[in-house]
Amino acid sequence: MKNWKPFYIENSRVPVVLSKFAPINIWAISFGFWVWCRGEMSEKTKRHECIHFQQQLELGFALQWVIYAFSYLCYWVKLRDTQEAYYAIDFEREAYGNESDQDYLKNRKRYAWVKYIGREYDYKERVKRAGRKRTSDSS
């Protein structure tokens, strides 16, 4: 299962529609064996979503989403900010923290997201870094 990859669907309206109900603007989303993206996916985005795919395989797709939603709600109550709550989710912290590492998926240990539970995290610095990276990636 470690080498399994999801099916990538680019130029999809699925993230556009889901963004109307989500607290964030969704660019790409992994759900089950599929990853839907608004446009064309970079290798970095594919790695990010493949990390989520591996998380879903580990926990079973439904359980991963239950934990994801519960984590989001807990962080939202704590932080009172939808974007910061999203970045604080342990699944997202693993994915964002390792999406640039081309070898991460080859070397990733099962349940790697668990090590992010309870660790302090500078949410505002993460958001700033993400903005700088996206700007430099697009040039």
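Q: Which way does α2 pass α3, left-handed or right-handed?
A: Right-handed, meaning the near helix is turned clockwise from the far one by less than a right angle. This is a predicted model, where local features need pLDDT of at least 70, side-chain atom pairs count only at pLDDT 80 or more, and totals for chains, interfaces and linings use all residues. Residues are numbered from 1 along each chain as its sequence is written, and side-chain values use heavy atoms, leaving out hydrogens and water.

Q: Which residues make the contact?
A: From α2, Phe53, Gln55, Gln56, Leu57 and Leu59; from α3, Phe61, Leu63, Gln64, Trp65 and Ile67. Contact means heavy atoms within 4.5 Å. Helices are DSSP runs (H or I, at least four residues), numbered from the N terminus.

Q: And at what angle do the axes of α2 and α3 cross?
A: Roughly 110 degrees, with the axes of α2 (residues 43-59) and α3 (residues 61-79) coming within 6 Å. Axes here are lines fitted to C-alpha atoms over the stretch in contact, with angles from 0 to 180 degrees between N-to-C directions. The two helices are therefore roughly perpendicular, a label for 65 to 115 degrees.

Q: Switching topic, how many residues are in the largest nonpolar core?
A: It has 12, among them Leu59, Tyr72, Tyr86 and Trp113. Such a core is a set of buried Ala, Val, Leu, Ile, Met, Phe, Trp, Tyr and Cys residues joined through side-chain atoms within 4.5 Å, buried being under 20% relative accessible area (1.4 Å probe, protein chains only).

Q: Which element gives the largest share of this core?
A: That's α4, with 4 residues.

Q: What does Tyr72 touch, beyond its neighbours within four places in sequence?
A: Pro23, Thr82, Ala85, Tyr86 and Ile89.

How values were computed. Parallel < 35°, antiparallel > 145°, perpendicular 65-115°, else oblique. Buried < 20%, exposed > 50% of the residue type's maximum accessible area, 1.4 Å probe, protein only.
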